[in-house]
Amino acid sequence: MAMTGGDILVETLIDWGVDTIFGIPGDGINGVFEALRNRQDQIRFIQTRHEEVAAFAACAYAKWTGKLGVCLSTSGPGGVHLLNGIYDAKLDGQPVLAITGMQHHDLLDTWTQQDIDLDKLFMDATAYSARIMGPTHVENVVEMACRTALAYRQPTHVTIPVDIQSMPLDKARRSERNIKHHVSNMMARGGQLPDRQQLEQAAAILNQAKKPFILAGRGSIGARAELEAVAERLKAPVGMPLLGKGAIPDRSPYSTGGVGLLGTRASQEALESCDTLLIVGSSFPYIEFYPKPGKARAVQIEIDPKRVGLRYPVEAGLIGDSKRVLAELLPMLKPNDSTDFLDTAQKAMGKWRELMDDRGTRTDMPMKPQVVTHELNKLIDDDAILITDSGTITAWTARHVDMRGDMKFSCSGTLASMACGLPYAIAGAVAYPGRQVVAVIGDGAMAMLMGDLVTLRKYGLDVKIIVIKNNTLGQIKWEQMVFLGNPEYGCELEPVDFVRVAEGCGIRAIRIDDPAKCGTQLREALAMPGACLIEAVVDPNEPPMPPKIEAKQALHLAEALAKGTPNRGKIALTIASDRVRELV
């Protein structure tokens, strides 16, 4: 039987090492699904309940495994639904291939059903977006899409008309120039080594440093030994933006934890006062948290040349993979004779940990959200896959759960999209079925894509979902008050009983609302076989305090309360209590 366009597409994916596809079938993609059905022993299809979940899961699968993540949808609205997850891949630099269907090739652009030019729609979201023109075109286009995604760590997109999916290859005319199998699936790897002159310049700058600080981002993940060796040589504290969490263990003597709004006071003070900054694999976007331009000399290690100097003026740019560049740089670095700067950062980190312990062991009611992640930190496995969604829960997770051992962590970093948590957890459990997978999700985000709780049951995925329930869009609420000085508006949420929702989807669920019982209940839930949802009911008036409170922020908050923010008395009392605990 002759190969069809769909057969060639799937065979090309298999040749490129694709083993998993997330998506939903539809009449615009059924020819590809028939090819998948016939190759179930070679490639796995994971059905989601929403295309957005499929795209997020493909992005997360790429993050967890380093492989090409693939998602699949039907024509028209199915393809539109993929876009948010594809933008997540774009902004976090992940290799993802989106495959969409189209209507019949000779009816396109004539107002036929679901007639959307998806190849054009995806152009901004991807590094390569192409429409397949016939069965003889499939191999060329799909090969290019796979190669581009992996080579540039960016999403790509291929769309294929439904009739071409089922069209036999032997009935398609091939042009004279399109020689059969003229493409290959060989992936060339570059040397990824920095320019020698720039390397020497970088070493000279770092060797003169008295107060060096290392900003270790997502590009430094996998270079733990090299990063700590350089930190030891320079006697430099290491701060990590959110996507860099886990670059070195949070309890490392060099770690000052997170950086920025979700970070630690120790990191912020060290970053503000350093005289030399080594940026390793980071494009941390919050420029206001960097030293003032000219205050510190800077060296940047970056795999993408166009990102060098993007956030801070640098004097040396080292292009290449962080692990290899750090290994090349280390022998050129002289030991720093002074440990004063590192000692100061370590003392500040000790004080920060005491503050976090105090906030995480509160026993007053309503239960504080920090209590949940503080208790989780005691119970989570050393090789767990940890996910956080976007919102105040990001701060609670980043600050209270320590990365150690072989743990993996991720979230929607640069896009900071809500609703990524459940899809990321699905991908983690699919990629590593023997490992503990825990996702911390806010109630606002959980309500967006909660239909895919049933996906956990369908595939028997051992995922624990912790829903922090405060019946408000907390991050937005505090941004309105603290950043703008306005009363909160539009942030209150109608309560959802997530326990009943989870049980309706066929998975176990419990509710935690007492801090005295939180640790015991969490332990029991984590020990349950299979999926489990934990609804943690917490204080809606507990703010995600910044590492350092600026006078402007305090003034804006006061203005917001004076203008009539709902529950302003409770909010003021909660903040006053937190501030007293910080000062005591």
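**Figure 1. Buried residues of helix H1.** In H1, the buried residues are Gly5, Gly6, Asp7, Ile8, Leu9, Val10, Thr12, Leu13 and Ile14. The model shown here and in the other views is predicted. Helix H1 spans residues 5-15, and nine of its 11 residues are buried, so the helix is largely enclosed by the rest of the structure. The cover over these buried residues includes three strands, S1 (20-23), S4 (96-102) and S6 (156-161). Helices H2 (30-37), H6 (135-152) and H7 (162-166) are also part of that cover. Gly17, which follows H1, has a positive phi, near 85 degrees.

**Figure 2. Packing of helix H3 against H4.** Helix H3 (residues 51-65) packs on H4 with the axes 7 Å apart and at an angle of about 30 degrees. Angles under 35 degrees count as roughly parallel, and H3 and H4 are therefore roughly parallel to each other. Their crossing is right-handed. On the H3 side the contact is made by Glu51, Glu52, Ala54, Ala55, Phe56 and Cys59. These meet Gly78, His81, Leu82, Asn84, Gly85, Ile86, Asp88 and Ala89 in H4. By class, the contact of H3 with H4 holds seven nonpolar, four polar and three charged residues.

**Figure 3. Salt bridge between Lys90 and Asp124.** The closest N and O atoms of Lys90 and Asp124 are 3.8 Å apart, and the two residues form a salt bridge. Lys90 counts as partly exposed, because its relative accessibility is 24%.

**Figure 4. Packing of helix H10 against H12.** The axes of H10 and H12 come within 8 Å and cross at roughly 155 degrees. Angles over 145 degrees count as roughly antiparallel, and H10 and H12 are therefore roughly antiparallel to each other. H10 passes H12 in a right-handed crossing. From H10, the residues in contact are Arg265, Ala266, Glu269, Ala270 and Ser273. Their partners in H12 are Phe341, Ala345, Ala348, Met349 and Trp352. The residues of this contact of H10 with H12 divide into seven nonpolar, one polar and two charged.

Figure 5. Arg265 and Glu269 form a salt bridge in which the closest N and O atoms are 3.0 Å apart. Both residues lie in helix H10 (residues 265-273), four residues apart, or about one turn of the helix. Arg265 has a relative accessibility of 32% and counts as partly exposed. Glu269 is also partly exposed, with a relative accessible area of 29%. Arg265 and Glu269 are both among the H10 residues that meet H12.

**Figure 6. Salt bridge between Asp402 and Arg353.** The side chains of Asp402 and Arg353 meet in a salt bridge at 3.5 Å, N to O. Asp402 lies in the loop between helix H14 (392-400) and strand S14 (408-410) and Arg353 in helix H12 (residues 340-360), so the pair ties together parts that are 49 residues apart in sequence. Buried means under 20% relative accessible area. Asp402, at 8% relative accessibility, therefore counts as buried, and Arg353 is buried at 17%. Elsewhere, salt bridges that share partners join Asp117, Asp119, Lys120 and Arg131 into one network. The count of salt bridges in the model comes to 30.

Key
Residues numbered from 1 in each chain as written. Predicted model: local features only at pLDDT ≥ 70, side-chain atom pairs only at ≥ 80, totals over all residues. Heavy atoms only, no water. Salt bridge = Lys/Arg side-chain N within 4 Å of Asp/Glu carboxyl O. Buried < 20%, exposed > 50% of the residue type's maximum accessible area, 1.4 Å probe, protein only. Helix = DSSP H or I, 4+ residues; strand = E, 2+ residues; numbered from the N terminus. Axes fitted to C-alpha atoms, helices over the stretch in contact; angles between N-to-C directions. Parallel < 35°, antiparallel > 145°, perpendicular 65-115°, else oblique. Left-handed = near helix turned anticlockwise from the far one by under 90°. Contact = heavy atoms within 4.5 Å. Nonpolar A, V, L, I, M, F, W, Y, C, P; charged D, E, K, R; others polar.
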